[in-house]
Amino acid sequence: MIAQNTARTSAKFDPVWSRIRREAEEMVSAEPLMASLVHAVVLQARSLEAAISYRLAQKLATDDMPQMLIRQICNEAEASDPEIGEAIRADIAAVEERDPACHRYVQPLLFFKGFLAIETHRMAHWLWRQGRKDLSYFFQMRSSEVFGVDIHPAARIGRGVMIDHAHSIVIGETAVVGDDVSMLHSVTLGGTGKAEEDRHPKIGNGVLIGAGASVLGNIRIGDCSRIAAGSVVLKDVPPCKTVAGVPARIVGEAGCARPAASMDQMVADIVPSS
């Protein structure tokens with residue numbers, strides 16, 4: 001009872017958490033068979049950060065790395081770096097805004113592996129920055145095994161990022177993904193060769209990356225650009241452009257101010273680039 005009262009008090013000052021709790025209560029009312037899961041993940045949690053820690057621990061735990069230990073690691077990361085909690089909230093809002101299959105804030109937390117994979121990476125990246133690299137590799141491995149998303153712990157991921165469907169995503173060690181980026185399944189942000197220097201793409205803010213696209217090498221994708229599905233991008237892309245093909249070339253303007261938010265992947269009606 002004390003934990004539930006604390007959670008309600010916290011929710012009053014946290015609009016995202018407040019909405020998630022309200023939606024969770026509605027879910028239990030509509031589908032009583034969900035009650036055990038929803039209570040364990042959401043309604044008994046004191047905060048959104050605690051709910052995330054619990055859910056990730058459920059998914060990532062192994063016989064050798066039990067749930068309680070993973071929860072402690074996640075709690076430590078969130079307490080040490082408040083920006084993790086801010087990014088989590090931005091990610092949830094991004095999924096609800098951009099994914100037409102998402103109608104509630106509670107859905108990513110309970111059901112969407114792309115969201116859970118990103119939050120797993122945030123914990124792994126925190127461990128990496130603390131010098132706890134072996135433990136960060138464990139988080140990477142489990143995310144790959146459980147969610148089908150393989151993000152190196154050193155990769156830097158912005159906030160408000162959505163990975164739709166999230167199957168077979170690969171993001172390399174020196175990759176950087178900006179804020180408000182959307183990508184679909186089977187995207188690769190990969191390197192070229194086997195040298196250890198900076199070798200992965202730098203994705204700007206607001207970029208939309210279509211399904212099956214590969215962006216290779218230490219190249220820069222400008223803010224608010226679009227990469228068409230199945231493209232192989234090997235050169236820098238200026239801001240606000242659409243690229244398509246193998247190898248990709250500029251085929252027109254981005255088509256809107258916020259491609260990652262609009263999720264418009266149609267390229268047939270774009271204005272040709274001069």
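This is a predicted model: local features need pLDDT of at least 70, side-chain atom pairs count only at pLDDT 80 or more; totals for chains, interfaces and linings use all residues.
Q: Which residues of H8 meet H6, and how many residues of the contact are charged?
A: Contact means heavy atoms within 4.5 Å. From H6 come Ile84, Ala87, Ile88, Asp91 and Ile92, and they meet Phe115, Ile118, Glu119, Arg122, Met123 and Trp126 in H8. By class (Ala, Val, Leu, Ile, Met, Phe, Trp, Tyr, Cys and Pro nonpolar; Asp, Glu, Lys and Arg charged; the others, Gly among them, polar), the contact of H6 with H8 holds 8 nonpolar residues, no polar ones, and its charged residues number 3.

Q: Is Glu119 buried or exposed?
A: Glu119 belongs to helix H8. Apart from neighbours within four places in sequence, Glu119 is in contact with Ile52, Leu56, Ile88 and Asp91. Buried means under 20% relative accessible area, exposed over 50% and partly exposed in between (1.4 Å probe, protein chains only). Glu119 has 0% relative accessibility and therefore counts as buried.

Q: How is H4 placed relative to H6, and which H6 residues make the contact?
A: Helix H4 (residues 48-60) and H6 pack at about 80°, their axes 10 Å apart. That angle makes H4 roughly perpendicular to H6. H4 brings Leu48, Glu49 and Ile52, and the contact on the H6 side is made by Gly85, Ile88, Arg89 and Ile92.

Q: How many residues in the contact of H4 with H6 are nonpolar?
A: The contact of H4 with H6 includes 2 charged residues and 1 polar residue. Its nonpolar residues number 4.

Q: How many nonpolar residues are in the contact of H8 with H9?
A: The axes of H8 and H9 come within 8 Å and cross at roughly 170°, which means that H8 is roughly antiparallel to H9. Among the H8 residues in the contact are Leu116, Met123, Leu127 and Trp128, and the H9 residues include Leu135, Tyr137, Phe139 and Phe147. Besides 3 polar and 2 charged residues, the nonpolar count is 10.

Q: Which residues does Ile73 touch beyond four places in sequence?
A: Ile73 sits in helix H5 (residues 67-80), and at 6% relative accessibility Ile73 counts as buried. With residues up to four places away set aside, Ile73 touches Leu127, Leu135 and Phe139.

Q: What is the relative accessible area of Arg142?
A: Arg142 is found in helix H9 (residues 133-147). Aside from neighbours within four places in sequence, its contacts are Lys59, Leu60, Ala61, Thr62 and Phe147. Arg142 is buried, at a relative accessible area of 13%.

Q: Where does Ser186 lie, and what is its phi?
A: Ser186 is in the loop between strand S6 (182-183) and strand S7 (188-190), and at 27% relative accessibility Ser186 counts as partly exposed. Most residues other than glycine have a negative phi. Ser186 instead has a positive phi, near 65°.

Q: What is the phi of Met263?
A: Met263 lies in the segment after helix H10 (259-262). Met263 is buried, with a relative accessible area of 15%. Though not a glycine, Met263 has a positive phi of about 60°.

Q: Which residues does the cis peptide bond with omega of about -10° join?
A: Most peptide bonds are trans. Pro247 is in the loop between strand S14 (241-245) and strand S15 (248-253). The cis bond, with omega of about -10°, joins Val246 and Pro247.

How values were computed:
Residues are numbered from 1 along each chain as its sequence is written. Side-chain values use heavy atoms; hydrogens and water are left out. Helices (H or I, at least four residues) and strands (E, at least two) are DSSP runs, numbered from the N terminus. Axes are lines fitted to C-alpha atoms, for helices over the stretch in contact, and angles run from 0 to 180 degrees between N-to-C directions. Angles under 35 degrees count as roughly parallel, over 145 as roughly antiparallel, 65 to 115 as roughly perpendicular and the rest as oblique.
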